[in-house]
Amino acid sequence: MTNDFRRTDELLDVNYSITKKRSLMNERFQNKEFGEAINYARSMLEATCKYVYHEITGEEAEISEGHNNYIALKHLSDVTINQLSALISHNEMIMGIKDNVIKIIYGIGNVRNEGSASHGSRIRNIEPQREETLYLMSLAEDTCNFLLKLLYTRTHIEESNVVNGKFVESDLNNLGEKFEQKDEDFNYKVTDDMIDIFFWVRNEIVIQVTVTFKKPYYDLNTSSESINEYIDDFLPEDVRGKKRNNGEKSFAVYSERHDRNFSINLDETNEGVVAYITNVESD
């Protein structure tokens, strides 16, 4: 059924560390390394909590809330949800289920600690079975999505309409139109006489922005500085204004805040200069 409630969105692709842990979790599960799969499920939860905490406070949870730069998973989930609840419109909802969410996170951590993928133990380890592992992976992924969705759909922490940021049509003064929509994936176009902008959006997050700087108003030889300044509008705040060579057609910038690399590629076409602004990661 196309409307099956169990068809879930992909885990929001907003942070490389979280995405990588999810990929490794699935890889270990496919290889029937169930203990390792749960290990990465726990790591994915931990990375998600630390990311959400940092997005809200601008601080590292292990430094602000931990001891000697270490914070236990149960305490981490507790302080993360406390921070998140203060910023959403119905905080009684999150507080009402807070204990259950923490128990899920802490319980997955305990299962991991009982397996052979954890630290050494005096007694033998009990490995989880396939069905148990699949259940715990689903819980972990759903919990991560729950926290990230609350952050990105119920708060205004992230800049809107930048690559890897939340797409907000009203912030564009509703000047464009939505097209080529399929489920949660769509394109949005804003156009005028001098510049066309295409947003590729997935699960409310901007995946890529394509900007066409039209002839005869723009060219790489005389307009590179203004083109670079315009491109900055679609990048996270902490990488804007970083020095780039005028006339350079391909370059990358790294956002320390988001632990993500962004690529900018320029192409000269018959229409003008086309800029492709996207997130790119390599293993």
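First, the ground rules. This is a predicted model, in which local features need pLDDT of at least 70 and side-chain atom pairs count only at pLDDT 80 or more, while totals for chains, interfaces and linings use all residues. Residues are numbered from 1 along each chain as its sequence is written, and side-chain values use heavy atoms, with hydrogens and water left out.

Now the overall picture. The protein chain has 7 helices and 7 strands; helices (H or I, at least four residues) and strands (E, at least two) are DSSP runs numbered from the N terminus. Along the sequence the order is α-α-α-α-α-α-β-β-β-β-α-β-β-β. The chain has 283 residues, and 46% of them count as buried. Buried means under 20% relative accessible area, exposed means over 50%, and partly exposed is in between (1.4 Å probe, protein chains only).

Back to Ser 263. Its relative accessibility is 10%, so Ser 263 counts as buried. Leaving aside neighbours within four places in sequence, Ser 263 is in contact with Phe 251, Ala 252, Tyr 276, Ile 277, Thr 278 and Val 280. Contact here means heavy atoms within 4.5 Å. For the protein chain, 53% of the contacts with a separation of 6 or more are between residues 24 or more positions apart.

Next, the loops. Which residue lies between α1 (16-30) and α2 (34-57)? Lys 32 is in that loop, and Lys 32 has a positive phi of about 65° although it is not a glycine. Lys 32 is exposed, at 66% relative accessible area. Asn 69, in the loop between α3 (61-64) and α4, has a phi near 65°, a positive value in a residue other than glycine. Asn 69 has 58% relative accessibility, so it counts as exposed.

The loop between β4 (205-214) and α7 (220-232) holds Pro 216. The peptide bond from Lys 215 to Pro 216 is cis, with omega near 0°. Glu 256 belongs to the loop between β5 (250-255) and β6 (260-268). With a relative accessible area of 66%, Glu 256 is exposed.

Last, a helix residue. His 75 is found in helix α4 (residues 73-85). Is His 75 buried or partly exposed? At 35% relative accessible area, His 75 is partly exposed. The C-alpha atoms of His 75 and Glu 65 are separated by 8.3 Å, with the two residues 10 apart along the chain.
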